[in-house]
Amino acid sequence: MSSLWAIAAFLVVGGLISSLYERTALSGFEAVVRAQLFNLVNAVTVDETGALRGVPDLGDLAYSQPLSGWYWEVLPASANTSGRLSSFSLGRARIADVPEAEAPFDMQYRRDYRVPGLDGETLYVEEAEVVLDSDNHAARFRVMGNASTLDADIVAFNRQLTLYLGLFGLGSTVINALAILYGLRPLSVVQRALASVRTGEKERLEGRFPTEIQPLAAEMNALIDSNRRIVERARTQVGNLAHALKTPVAVLLNEAGAIGGEKGRVLREQGERMQAHVQHYLDRARIAAGGERVIARAPVKPVVERLGRVIAKLNPGFRVDMEMDAALERLVFAGEQQDLEEMLGNLLENAAKYGRSRIVLTVSAEVPRAFLVTVSDDGPGLGEAEIAEATKRGRRFDETVPGSGLGLSIVAETVLQYRGGFRLGRSEFGGLRAELTLPRSADAPIS
């Protein structure tokens with residue numbers, strides 16, 4: 001905004017300077033022509049026959065140079081006056097005047113106007129009618145100056161003014177930008193510190209900050225502490241609620257078993273789903289309580305290898321392939337390990353349920369500050385309409401396969417918390433392809 005104001009100020013100042021110069025130059029030019037008109041009047045008389053006489057010398061060599069654009073001329077203005085006097089530069093040529101209706105004389109019988117010259121130039125004309133003696137011999141005096149030269153000088157001045165003001169404005173803008181960048185340098189320190197907190201490298205803003213930024217850093221640390229307390233309180237409350245529901249749900253399951261029949265089966269099925277929810281949040285609360293940090297990090301490779309071994313062991317008839325480049329040895333998930341395990345575990349378990357004989361888990365780091373995990377199977381897959389419904393809580397497409405319908409919805413909710421991405425599609429083997437985009441820690445660069 002300050003740069004825009006500076007540009008506007010330069011434009012206004014440039015316009016004022018240009019206008020003042022033009023007015024001053026034009027006023028000076030007209031004053032010179034008018035003074036030479038007075039000199040011309042004083043240098044001309046009439047003789048006893050009424051003929052014009054005189055050898056005016058206006059002190060400017062331009063009146064002696066042909067086609068110079070500077071001319072003077074004296075013509076009779078009354079019937080008793082004869083003859084014609086003109087400058088050497090004008091000779092016998094004539095400069096047309098304008099009708100009196102277009103440029104009338106003032107009270108002192110003077111007027112000024114502009115007309116075309118002899119060489120394509122524009123002439124400024126000062127004209128006066130003067131009575132030369134007591135016999136009322138009158139003459140018309142005309143002094144003409146080259147206004148094109150004046151106009152060219154004004155254009156040249158404006159061009160130089162634009163150049164100098166442009167250079168000065170550009171320099172001022174650059175200096176202003178450098179001053180702003182230098183003044184904002186302390187904020188880059190805070191930005192890097194916040195990035196360290198966001199990626200899990202640090203839990204607070206650490207380091208020495210400038211005096212102007214220190215209050216901001218203190219407030220950010222206070223906000224981080226407040227958020228940590230809120231998250232911990234929420235986890236505690238969820239854990240307490242889940243724990244409080246655990247016993248009533250167990251009682252309901254026992255009663256459902258005692259009832260038997262179709263009603264007992266329905267009650268037990270719904271009770272088992274409730275128990276799965278309760279156990280899920282109990283596990284999360286217990287795991288979270290075991291760690292002191294809200295912001296955590298987790299190496300990816302050990303988690304992937306461990307889950308791959310578990311799925312292969314639980315499904316001996318499946319071929320489980322894990323594709324992870326050696327350059328990803330130091331890949332670190334910017335989040336909690338149990339969340340990573342839960343997301344990958346649900347996807348692998350889902351692939352084992354619906355796949356026929358093969359599961360492929362791939363890890364890549366093609367996305368800046370993030371990594372991709374894909375789980376593909378060779379099962380029947382899902383159609384486009386089914387994919388849109390797959391992440392809804394409790395949604396199941398095959399009731400013959402055991403499960404609660406929570407796996408994909410839990411993955412979608414967890415990914416959303418980390419501002420990642422979750423997509424479903426068809427794999428190259430014809431089954432389902434699940435793709436996760438998760439943030440990676442900045443202190444573990446991919447080599």
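**Exercise 1.** Find the parts of the chain that are tied together by the salt bridge between the side chains of Arg 142 and Glu 73 (3.1 Å, N to O).

*Solution.* A salt bridge here is a side-chain nitrogen of Lys or Arg within 4 Å of a carboxyl oxygen of Asp or Glu. Arg 142 belongs to strand 7 (residues 138-146) and Glu 73 to strand 3 (residues 71-76), so the pair ties together parts 69 residues apart in sequence. Strands are DSSP runs of E, at least two residues long, and helices are runs of H or I, at least four, numbered from the N terminus. Arg 142 and Glu 73 are both buried, meaning under 20% relative accessible area; exposed is over 50%, partly exposed in between (1.4 Å probe, protein chains only).

The model is predicted: local features need pLDDT of at least 70, side-chain atom pairs count only at pLDDT 80 or more, and totals for chains, interfaces and linings use all residues. Residues are numbered from 1 along each chain as its sequence is written, and side-chain values use heavy atoms, with hydrogens and water left out.

**Exercise 2.** Describe how strand 13 and strand 14 pair.

*Solution.* Strand 13 (residues 421-426) and strand 14 (residues 432-439) are antiparallel, with six bridges; pairing requires that DSSP finds at least two bridges between two strands. Phe 422 has Leu 436 as its bridge partner in strand 14. Five residues separate the strands of this hairpin, and Gly 430 in the turn has a positive phi of about 95°.

**Exercise 3.** Is Glu 435 buried or exposed?

*Solution.* Glu 435 has a relative accessible area of 12% and is buried. Its salt-bridge partner is Arg 423 (2.9 Å, N to O), which is exposed at 55% relative accessibility.
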